[in-house]
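Student: I'm new to this one. Could you walk me through how to read its features?

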Amino acid sequence: MKVIATIIGILFLSNAYVQAQECSTEPPNGLGELAAYSIFQGNYSGGDYPFALTYGRWMLCKKSKEMEGNPRFNLATQYNKFIKMYTEIGLTKEDPSEREAYIDTALSLFDESFELFTDEELDKYDLRQRKGRYFLENYSYIEDGLAKAYAEFETMFELDPQRTTELGSGYYIRVTVDNMAKKGRKEEVLKMMETATPFASDEILSFFDETKVSLFDTPEERIEYYDSILADDPNNIEALNFLAEAYDDLDMQTELIETLRKIHELAPTFDSAMSLAEVEQGNAQYAEAAVFYKEALEKAESDQDKKEINIDLADVYTSLNELATAKRYISAAIAIDANYGLAYVKMASIYGQAVSSCTEDRKLEAKDKVVYWVVVDYLNKAKRVDSSVSNTVNSQLSTYEAVTPSTEDKFFTLSYEDGQKVTVDGSLMSCYSWINETTTVR
């Protein structure tokens with residue numbers, strides 16, 4: 001992209017840019033690092049990314065790999081969070097130049113990660129993979145995004161041929177070989193397939209054989225040939241796949257989309273549904289992502305897959321601000337595994353978001369603060385049933401506890417007594433009718 005990010009006070013691009021904007025290495029509002037980090041983490045986990053940036057951007061400026069009082073602090077992990085935040089904020093922007101500026105910022109953080117962290121601190125292969133996936137999922141907002149994604153995948157192969165060939169059940173070697181073949185890089189793709197062959201599954205070996213044949217055919221020849229096959233056998237999956245490749249080569253987008261849809265309709269699988277769901281979600285096409293996640297949920301065989309997909313669906317509907325629907329899927333995950341800590345954290349998150357939605361056009365009232373008791377209840381339960389989420393919960397608790405009803409709110413405004421049971425539903429406020437949770441005054 002050639003867009004120059006100029007979102008003053010929001011975007012962080014590079015060392016030079018930060019210095020030009022007087023990037024501060026100190027937390028805002030005179031806070032200590034631990035306090036600022038706690039607010040940052042709480043709002044990041046709650047999905048309030050602009051607020052999280054306000055209290056976390058100093059970490060990007062300071063670049064310290066340690067934080068006094070927090071021995072588990074990992075700067076590389078924080079970079080991942082900032083990449084996600086800048087991306088998610090950018091995808092909400094209607095102005096293309098503003099959206100691309102956020103995406104550019106996220107990409108700059110990938111590049112800075114390569115330079116800032118050692119191989120011992122960060123798996124550079126994994127970072128290369130994530131950057132490639134980032135280009136792939138956001139290619140429509142990045143100049144030559146697809147080409148850059150494939151370039152990252154090629155670098156992955158150069159770094160570790162075996163790992164790249166086996167990764168994702170052969171996904172990366174497949175898309176890389178396919179792209180190279182489409183670009184007419186005959187000698188290079190033949191050499192790559194030769195190197196990958198000792199590590200390839202039978203399915204990938206079959207794909208290699210097909211690719212070798214396709215290397216010697218023009219797209220026009222393939223369209224003519226596979227059209228003739230489909231005339232007699234309209235549902236021939238193999239022919240449809242080859243035809244789709246030919247349409248892609250010739251940038252015949254209408255025909256390509258129709259063909260891909262037909263392929264999925266004829267032979268949908270759990271993996272294909274998940275892949276499509278993740279790509280659509282990555283492109284902020286949340287309604288489409290929900291369709292494919294639901295398909296995957298129907299095909300899922302293990303409880304692990306089912307509960308995780310329910311959380312994926314909750315995330316999608318949260319992004320659509322359909323919080324009641326998101327709650328339903330979180331409840332389904334809990335029904336599968338009552339000790340699934342992440343599900344309780346997600347429930348706390350959507351209730352926190354409910355307050356933000358209900359108070360979007362007005363001031364926060366004492367009744368709104370009652371909801372935060374429910375948030376705290378769920379966070380505590382998450383930690384109680386699943387110790388693996390303790391760090392996440394601990395980083396959020398203080399943030400939410402600080403905004404629960406004050407003594408004045410309880411006794412004078414709400415007329416509550418300590419120990420009293422109250423229900424968060426339509427009787428509290430109409431916009432909370434879907435929550436229907438009981439909490440205790442304290």
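Tutor: Happy to. Keep in mind that this is a predicted model. Let's begin inside helix H2, where Glu-33, Ala-36, Tyr-37, Ser-38, Phe-40, Gln-41, Gly-42, Asn-43, Tyr-44 and Gly-46 are buried.

Student: How many of the residues of H2 are buried, and what follows from that?

Tutor: Buried means under 20% relative accessible area. In H2, 10 of the 14 residues pass that test, so the helix is largely enclosed by the rest of the structure. H2 covers residues 33-46 and reaches 20 Å from its first C-alpha to its last, close to the 20 Å expected.

Student: And the whole chain?

Tutor: The protein chain has 22 helices and 2 strands. Buried residues make up 48% of its 442 residues.

Student: Which residue forms a salt bridge with Glu-33?

Tutor: For a salt bridge, look for a side-chain nitrogen of Lys or Arg within 4 Å of a carboxyl oxygen of Asp or Glu. Here the partner is Lys-62, with the closest N and O atoms 2.4 Å apart. Lys-62 sits in helix H3 and Glu-33 in helix H2, so the pair ties together parts that are 29 residues apart in sequence.

Student: Are Lys-63 and Glu-112 buried or exposed?

Tutor: Both Lys-63 and Glu-112 are buried. They form a salt bridge too, the closest N and O atoms being 3.6 Å apart. Lys-63 is in the loop between H3 and H4 while Glu-112 is in helix H5, so this pair links parts 49 residues apart in sequence.

Methods
Residues are numbered from 1 along each chain as its sequence is written. This is a predicted model: local features need pLDDT of at least 70, side-chain atom pairs count only at pLDDT 80 or more; totals for chains, interfaces and linings use all residues. Side-chain values use heavy atoms; hydrogens and water are left out. Helices (H or I, at least four residues) and strands (E, at least two) are DSSP runs, numbered from the N terminus. The expected span of a helix is 1.5 Å times one less than its number of residues. Buried means under 20% relative accessible area, exposed over 50%, partly exposed in between (1.4 Å probe, protein chains only).
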